[in-house]
Amino acid sequence: MASPFVWRAATGGYFCRVLRHNNLVPDPLDAWLSVFPVALGETAREALAASPDPSSAVAGLGRLVAEAPSESFGSLSPADIARLSVLLGSGPAPVRSLVRAGRDWPELFAYTREKNPGRDGLRKVFALHTAEAGEGLKRDLRRMADRELFRIGARDLYGEATLAETLDAVTALADVAIATAVEVERAALAAGQGGGPVKPDGEPVGFVVMGLGKLGGGELNYSSDVDLVYMYETDHVADGSPTPREFFSKLSGSITAAVGEATADGLVFRVDLRLRPEGLNGPLVNSVENALRYYEGWGDTWERGALMKSRPVGGDTTVGDTFVNGVEPFIYRRHLDFMTVEDLRLMKAKIDAEQEVRAAGKRDVKIGRGGIREIEFVVQALQLIHGGHVPEVRCLGTREGLRRLVERELIAASDAEVLSVAYEFLRNTEHAIQVESRRQTQALPSDFAALRAMARRLGYGRGARGRCATGDAVAAFEADWGRITDSVHSVFLKFMELRPGDVGHEPDREEALAAAILEAIERDDKEAALPALEALGFSDGESAAATLVRIYRGRFRGPASPQRRRAVRSMAPSLLRAVCSSSDPEAALERLVEFLIRTGAHTSYLALLSGSPATMQLLVGLFASSPYLAAKLAGRPELIDSLVRSDAAHPQRSRDELCAALDEQRSGEDEEAVLSALRRFRTAELVRIGMGDLSGTLAPAEVHEQLTLLAEVCLEEAARAARRMVAEKTPEGWDGLELAVVGMGKLGAGEMTYGSDMDLIFVYDTPGRSFDAETHALAARWVQKIIGVLQTRTNDGVAYAVDARLRPSGNSGPLVTFLGRFVEYHQKEADLWERQAQIRSRVVFGPADLKDKIEEIVAASVYAGGLDDAGMREIATMRARVEDELADESAQRVNIKTGRGGIVDVEFMMQALQLRHGNAIPALRTRSTARAIEAAGEAGVFDRDTAERLVGHYTFLRRLEARMRLERDRPVEQMGTDPQALVPLAKRMGFAGEGAGGDLLAHYKSVTEDVRALYEKTFKVG
């Protein structure tokens, strides 16, 4: 049978309990207890049962017995056994330290009887036991830190150390470890570089490690990070001396590794360097002068709070004191300014946000409601407010700060007593959580057994720390927890002049989350921002955090000014709320920030946006909803002014108003000025129309009308300007030359959409004269210049792309057609598809007489001949080819334009009916598809219900097309069939709720099936 000394905690499992119950194996606890003197066996059994977690204590004893000789237990007294049981039942960390000591565990255990040696005592011990720099130093620091933390934690668990003693002991350990690392590593580095940098007087340049946060305040816990800032005395050195920045950067890296790098022996303390000037983007080490210059010019309120607890913890304390004295005017201002109060309220919002995000669903000793953070905030805020004119309240620690505030009657004694008692309770609770495994956590255990063990580590149910030795430990702890956290939160709210439920003062959820995000961004801690970003709806929080850093920094890598930070804070809630409602929050945020960066992202501009809710709403709404419009705005902040000035109640503009707006853009009549003005004008108007579309102030039909009118005005300007430009070089031959520009497709039908090309045909005439080559060449130059004015790419992009392939003979024909040839072609040569295309043709520029002639020719060509069954079949065949070659539909996607039951089904169907019946029914001779449907219903080609239904279907499909174009910044026909991915688009189409995407897809399928059924009935196919 195996030796009882090899039993492990697994023997406490169910299977082993059954075996022991049947006397098949011995109880290992009996064997383990046999290592104690016989007279103390039962004492040990009772002590284990009275430990914080008896089952863990038994398992821990088994581990210790397996690693240590039995005689090492023989000299233990009853009091020693009680203490040992407490340690064994307090989690894996204390047990691990004892087991790691092996046969020397009694010596380590005996060390727990010792009181704090103090900094001087620790320095002597460390000086005797630390090796050379590098790996030897890391090893020795970690082993001594483990030994010291074991002693501190043990005395805390025994209830023999006060909170003040525990906090001071942990802080002293960090101080001495850091100071030792500075001394050893600097000596080694200097030895390798000829002594290191020296001042002109020959003295070494001083170097200091400043401790901030809980380290600076002397209130470290077992698992705290140490917030460090490295500084050196001066950059002014003797000739030939090593560069201070380079030397001390290497030294700082070595110190960080010596204290904070994880090795096989663990670490001393985690090192956090994010509180240094400029955070992680700043240099690792600064001169005192540079650091002070940074805080004077760029420091923010949260940095004032961090620096309140700064003190030298290693290196040259004189250098540290110089910094502390120099930074005091930044921390403690003689006059309380309004922005400090506002910043304090923002700090309060950050606390709320941490509770909202990080402490959601759990009780957190630090950031939860009524937790340590609320106590620290009250004390810190009062010190910031009053410290400028009441120097006595300036101090490092929270407890000392409370005491001084009471002395100066700056906080009510009763409130201070509440916070003081709570602080001790909460910090002890924090230690009871962390001592188990030395993990960086402040969350109360959610498991009942773990919560019970934690409560017993605090003394509940076992008589330590003055707690009751009997009763329900969890119930007693819960009663104290509820009472104390409620009282803290009450003081906290009172201090902020708030009351529970006072919604008027409490920031909303988005504001709180935005505050938490910006808190992390300010500290260059993007990882800490991820929970809040994900809570807002960002799927890629890391990308979003990186984007927000860009707007904080602007074009530069340096620190953001306080003014800039305030502007970003002010706009952040609206900005984040808007982009998170878009189909792709990360992309929407990226586009908005890119716009602000490209405009220069000046602080004054950000402040303007922050101070103008209407402008901010317009801007973030546009960038969240429409990449297409966002691209138009990129680099053009002046367009925002026109948006703000526009009358939202009257979003439509007449032709005269558009022409006047275009005149305002002109800065000259040379070609460059014309091209620039035309593009700026079109962009501004596209944004105006798009905003009216997105806001719902423009109906879908009105959007098409406005876009068509915009295109006409641009075309007219291009035609007139082009003639002027050509005439400057060719002044002769213009007499009698008339040009008509015929709009086809969406332009001709008055149904232009975002990003539509201009489908154009150019026809010229010389009334009373026949064709001549010179006039034709002149007309061709005019047309070429028109196209150039419209589609030449400049820094402002293009006005419109021009497609002239619908002209007589297509690409093989001349770009511009003489009227006589145009007549001949349509009388003798035009194909059916050309007749079909001419249904939507319209002269959009040219003299009235030429316009009338062309439209008369077109009407005769389109409608005079009617359409027989063979023609119907030909159109159906063309439609089938379009679907087969272009639609590319599958189970994963549909094509709203060329796919089954899509826009082209409606248009081909109506154009075939117009060709077939237009000669007999004049009302059908319309360029608008929707009006053609209505006319067909009135004329009996369709019954009225069918016509009404088809108009609704067509309107839905065209609106869907426009929404997809606005959302995706490119011509879009394909729509995916994943309901979840369709939710944002569906909401923009008016569908609501979590099932909006599925509802949109179902409606789309219903519409397209009905359209296809009507199409097949019309063509009698299928």
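How do the residues of the lining of the second largest cavity divide into nonpolar, polar and charged? The answer comes below, after a look at the whole chain.

## Model and overall make-up

This is a predicted model, in which local features need pLDDT of at least 70, side-chain atom pairs count only at pLDDT 80 or more, and totals for chains, interfaces and linings use all residues. Residues are numbered from 1 along each chain as its sequence is written, and side-chain values use heavy atoms, with hydrogens and water left out.

The protein chain has 1022 residues, and 54% of them count as buried. Buried means under 20% relative accessible area, exposed means over 50%, and partly exposed lies in between, with a 1.4 Å probe and protein chains only. The secondary structure comes to 44 helices and 12 strands. Both are DSSP runs numbered from the N terminus: helices are H or I with at least four residues, strands are E with at least two. Take the contacts in the chain with a separation of 6 or more: residues 24 or more positions apart account for 73% of them. A contact means heavy atoms within 4.5 Å.

## The second largest cavity

Rolling a probe the size of a water molecule over the atoms shows where empty space is left. The structure holds 10 cavities of 30 Å³ or more. A cavity is a set of points, on a 1 Å grid over the protein atoms alone, where a 1.4 Å probe fits but cannot get out; lining residues have an atom within 4 Å of a point. Grid points are joined across faces, edges and corners, and a volume is the space filled by probe spheres set on the points. The second largest cavity contains about 90 Å³ of space.

Its lining consists of Leu87, Ala93, Pro94, Leu149, Phe150, Gly153, Ala154, Tyr222, Val435 and Arg438. These divide into 8 nonpolar, 1 polar and 1 charged. Here Ala, Val, Leu, Ile, Met, Phe, Trp, Tyr, Cys and Pro count as nonpolar, Asp, Glu, Lys and Arg as charged, and the others, Gly among them, as polar. Helices α6 (92–101) and α9 (135–158) each supply at least two lining residues. Helix α9 gives the most, with 4 residues.

Serine 287 sits in strand β4 (residues 285–287). Serine 287 counts as buried because its relative accessibility is 1%. Neighbours within four places in sequence aside, serine 287 is in contact with Tyr232 and Asp235.

Valine 319 belongs to helix α15 (residues 317–331). With a relative accessible area of 4%, valine 319 is buried too. Leaving out residues up to four places away in sequence, valine 319 touches Gly206, Phe207, Val208, Tyr232, Glu233 and Val288. The C-alpha atoms of valine 319 and threonine 234 are 9.5 Å apart, although 85 residues separate them along the chain.

## Salt bridges

The whole structure has 61 salt bridges. Each is a side-chain nitrogen of Lys or Arg within 4 Å of a carboxyl oxygen of Asp or Glu. One network links Glu751, Arg840, Glu907, Arg958 and Glu961.

Other bridges lie within a helix. In α3 (residues 41–49), arginine 45 and glutamate 42 are separated by about one helical turn, because they are 3 residues apart. Their closest N and O atoms are 3.4 Å apart. Arginine 45 is partly exposed at 29%, and glutamate 42 is partly exposed at 47%. In α12 (residues 244–260), lysine 250 and glutamate 246 are 4 residues apart, so about one helical turn separates them. Their salt bridge spans 4.0 Å, N to O. Lysine 250 is partly exposed at 41%, as is glutamate 246 at 48%. In α18 (residues 398–407), glutamate 400 and arginine 404 are also 4 residues apart, about one turn of the helix. Their closest N and O atoms are 2.9 Å apart. Glutamate 400 is partly exposed at 27%, and arginine 404 at 25%.

## Helix α44

Helix α44 (residues 996–1019) has 24 residues. From first C-alpha to last, α44 reaches 34 Å, close to the 34 Å expected at 1.5 Å a residue. The expected span is 1.5 Å times one less than the number of residues. Just after α44, lysine 1020 takes a positive phi of about 50°.

Definitions and conventions. 1 Å grid on protein atoms, 1.4 Å probe; cavity = no way out; pocket = protein on both sides within 12 Å on 5 of 7 lines; lining within 4 Å.
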